[in-house]
Amino acid sequence: MAKEFTRVDRLSQQMQQEIAVILQREIKDPRLHNMITVSDVDVSRDLSHAKIFVTFLGLEAEKVKANLDILNDACGYIRSLIAKRIQARIVPTIRFYFDESLDQGIRMANLVEQVRRDDEKRRIEAGQEPERKAKVGKDEEE
């Protein structure tokens, strides 16, 4: 039977949890945005490097680079905090990257909603009956 999780996967998950706590509680830089989410940690197979993907909720695009620079400047300190918290012989060197997937997902959802509104508007202008929204819950069964 094959292993469900490799050592790299376990280390990635543990690092993701620890970094999230560290960014929330330990880093007190006033220049740093306070709503940072660690979306993924990608550890190399030899455990020497880790890419930490973060998102900044509600932050303008021009401030993202400044926040990434602050995090990358604090990499050594964050790595030392990780080393104290996890039991590993090797603690990977870390580097922070911006995860654009959340912003792209929000943008795609907005585009879909805009198309739905435009379609509904065209239906009304053409004299067709607007689509009824599906009811959720017990009313569906009746």
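This is a predicted model: local features need pLDDT of at least 70, side-chain atom pairs count only at pLDDT 80 or more; totals for chains, interfaces and linings use all residues.
A residue is called buried when its relative accessible area is under 20%, exposed when that area is over 50%, and partly exposed in between (1.4 Å probe, protein chains only). Residues are numbered from 1 along each chain as its sequence is written, and side-chain values use heavy atoms, with hydrogens and water left out.

Let's walk along the chain. The protein has four helices and three strands, in the order α-β-β-α-α-β-α from the N terminus on. Here helices (H or I, at least four residues) and strands (E, at least two) are DSSP runs, numbered from the N terminus.

Now look inside. A nonpolar core is a set of buried Ala, Val, Leu, Ile, Met, Phe, Trp, Tyr and Cys residues joined through side-chain atoms within 4.5 Å. The largest one here has 30 residues, and M15, L23 and F96 are among those with the most contacts inside it. Helix α1 (7-26) and strand β3 (93-98) are among the elements that each supply at least two residues, and α1 gives the largest share, six residues.

Which helix holds M15? M15 lies in α1 and is buried, with a relative accessible area of 0%. Contact means heavy atoms within 4.5 Å. Leaving aside neighbours within four places in sequence, M15 is in contact with residues including V41, I82 and I94, while the contacts of L23 include I36, L71 and F96.
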